[in-house]
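Here is a short report on one chain. Look at the model first, then read on.

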Amino acid sequence: MNSILYPACALLALLAFIYKLRVLRKDRSRFQLLLIGNLFLISVVFTVSTPIVWVATSRAVGIVNFSGVFTQGSVIIMAACQQVILLNLSHDPKTAARRARPRLIALGLVLASMIALFSAATSQHENPTDFAVTKAQFYPAYLLIYLLAYGISQVDIQLLCLRYAKVAPTPWLRRGLYLVGLTMPFGLTYTLVRLSDVVAGQFGVSGHAWEPLAQWSVTIATVINVIGWTLPDWGRHLSTIWQAVDSRRAHRELKSLHRRLTAEIPEPVLPLGMDTDLRTRLYRQVVEIRDAQWALRPWMHPVVLSFAEKECLKAELTGTERAAVIEASLLRSAVHAKEHNDKPMKHDPNPRAIDPEDLASELAFLRQVAHAYDSSPIVQAAATHRSDAAFLATEDPAR
């Protein structure tokens with residue numbers, strides 16, 4: 001299985017490494033250098049872990065299973081890189097260096113111990129597909145030190161990610177850190193599987209039966225890790241794509257409301273050329289809906305407002321949902337009245353239930369109004385029963 005999974009991980013990390021290299025043209029900070037180095041190490045680890053490369057590497061060095069200690073040692077270095085990256089993100093350089101020092105010393109001792117224990121071990125043949133399982137059975141001390149360092153590092157990385165994500169300056173950096181933190185469950189699953197190998201080995205049992213779980217866990221953790229560390233760079237392109245898709249949806253959702261209002265109040269509509277961009281069309285849609293709304297005020301009966309408010313209270317509607325239903329009720333009843341040539345009234349009501357603070361909020365609210373206009377039973381009742389005597393009586397008992 002690792003003949004397929006590991007090359008895929010290596011390719012993904014290599015593509016991320018190449019993608020990040022362009023950042024060095026503008027930013028050669030320690031953070032970027034460590035991050036690029038981390039991605040490079042991931043690519044190297046999974047390249048060497050591929051069985052055919054594993055054997056070739058060990059033979060080239062002349063040490064049996066050299067690829068095993070090389071890849072696992074690189075994983076320890078990767079953990080150190082990620083911890084230093086996160087410390088530099090969340091602290092000033094001096095504080096980051098002070099906090100990183102004990103971590104680097106501890107991981108350095110782990111690496112030295114692994115090399116010493118590996119050197120003391122005797123291996124007769126290569127184990128490109130079951131190196132960890134074999135080491136667990138015959139040399140548990142080596143694997144226990146590695147797993148202890150790996151597991152603790154995963155927990156530390158998770159905590160550092162969650163801590164800094166709360167104050168991250170950009171949304172995509174925050175999301176990327178949360179993703180990196182999500183590697184911990186898979187990393188710990190891998191650790192537990194390997195610990196099971198150690199325990200099973202002491203009873204003369206092989207851990208080959210659950211080896212696929214370790215391979216899948218480390219593969220999933222790697223994919224999430226690579227995506228998380230690069231997400232701050234390419235995530236903004238997702239925002240651009242989503243904004244374009246959402247703008248089209250908004251334009252489509254407002255189209256019906258815009259058509260119904262401007263059919264009665266056509267004056268606000270400005271002709272736009274075929275080449276007019278979507279953003280301009282959407283902006284004009286919002287402006288023309290609002291202009292038509294103000295022009296329809298003489299047909300907005302106060303009793304509709306009273307009815308809509310009471311029905312919203314019964315339905316326990318609050319916030320923008322309540323405001324959207326009220327505005328839609330006034331609009332639909334006004335359009336209904338004008339269509340039936342009702343005489344305009346001599347009053348000057350405020351057609352707005354709320355005043356959004358910016359264009360984005362205005363657009364989001366108008367989408368709610370458009371939805372309520374078409375689907376709310378309260379809005380439909382307001383238009384249908386506007387002239388009903390029983391309905392009018394709710395306005396003022398003394399009327």
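## Basis of the model

This is a predicted model, in which local features need pLDDT of at least 70, side-chain atom pairs count only at pLDDT 80 or more, and totals for chains, interfaces and linings use all residues. Residues are numbered from 1 along each chain as its sequence is written, and side-chain values use heavy atoms, with hydrogens and water left out.

## Overall shape

The chain has 16 helices and zero strands. Both are DSSP runs, numbered from the N terminus: helices are H or I with at least four residues, strands are E with at least two.

The radius of gyration of the chain is 33 Å, whereas a compact globule of 399 residues would have one near 21 Å. That radius is taken over C-alpha atoms, and the globule rule is 2.2 Å times the number of residues to the power 0.38. Along the principal axes, the C-alpha atoms fill a box of roughly 100 × 50 × 40 Å. Of the 399 residues, 45% count as buried. Buried means under 20% relative accessible area, exposed over 50%, and partly exposed in between (1.4 Å probe, protein chains only). Among contacts with a separation of 6 or more, 79% come from residues 24 or more positions apart. Contact means heavy atoms within 4.5 Å.

## Both sides of H13

Glu316 sits in the loop between helix H12 (302-314) and H13. Its phi is positive, about 60°, although Glu316 is not a glycine. Is Glu316 buried or exposed? Glu316 is exposed, because its relative accessible area is 68%.

Asn341 is not a glycine either, yet has a positive phi of about 60°. At 66% relative accessibility, Asn341 counts as exposed.

## H14 and its partners

H14 has 17 residues. From first C-alpha to last, H14 reaches 24 Å, close to the 24 Å expected at 1.5 Å a residue. The buried residues of H14 are Glu362, Leu363, Phe365, Leu366, Arg367, Val369, Ala370, Ala372 and Tyr373. They pack against H10, H11, H13 and helix H15 (377-384). An α-helix has 3.6 residues a turn, so residues three or four places apart point the same way.

## The H10–H11 contact

At what angle do helix H10 (residues 211-264) and helix H11 (residues 278-295) pack? The angle is about 30°, with the axes 9 Å apart. Axes are lines fitted to C-alpha atoms, for helices over the stretch in contact, and angles run from 0 to 180 degrees between N-to-C directions. The crossing of H10 and H11 is left-handed, that is, the near helix is turned anticlockwise from the far one by less than a right angle.

H10 contributes residues including Ala244, His251, Leu254 and Leu261. H11 contributes residues including Leu278, Leu282, Gln285 and Ile289. The contact residues divide into ten nonpolar, four polar and four charged. Ala, Val, Leu, Ile, Met, Phe, Trp, Tyr, Cys and Pro count as nonpolar, Asp, Glu, Lys and Arg as charged, and the others, Gly among them, as polar.

## Four buried sites

Val193 is found in helix H9, residues 183-202. Val193 is buried, with a relative accessible area of 6%. Leaving out residues up to four places away in sequence, Val193 touches Trp210, Leu213 and Ala214. Val193 and Ala214 are 21 residues apart in sequence and 6.0 Å apart in space, C-alpha to C-alpha. Val198 also lies in H9 and is buried at 7% relative accessible area. Between Val198 and Ala141 there are 9.0 Å in space, C-alpha to C-alpha, and they are 57 residues apart in sequence.

Trp172 belongs to helix H8 (residues 171-181). At 17% relative accessibility, Trp172 counts as buried. Neighbours within four places aside, Trp172 is in contact with Leu231, Pro232, Gly235, Arg236, Leu238 and Ser239. Ser74 lies in helix H4 (residues 66-90). Ser74 is buried, with a relative accessible area of 4%. Not counting residues up to four places away in sequence, Ser74 touches Leu41 and Val45.

Definitions and conventions: Expected span 1.5 Å × (residues − 1).
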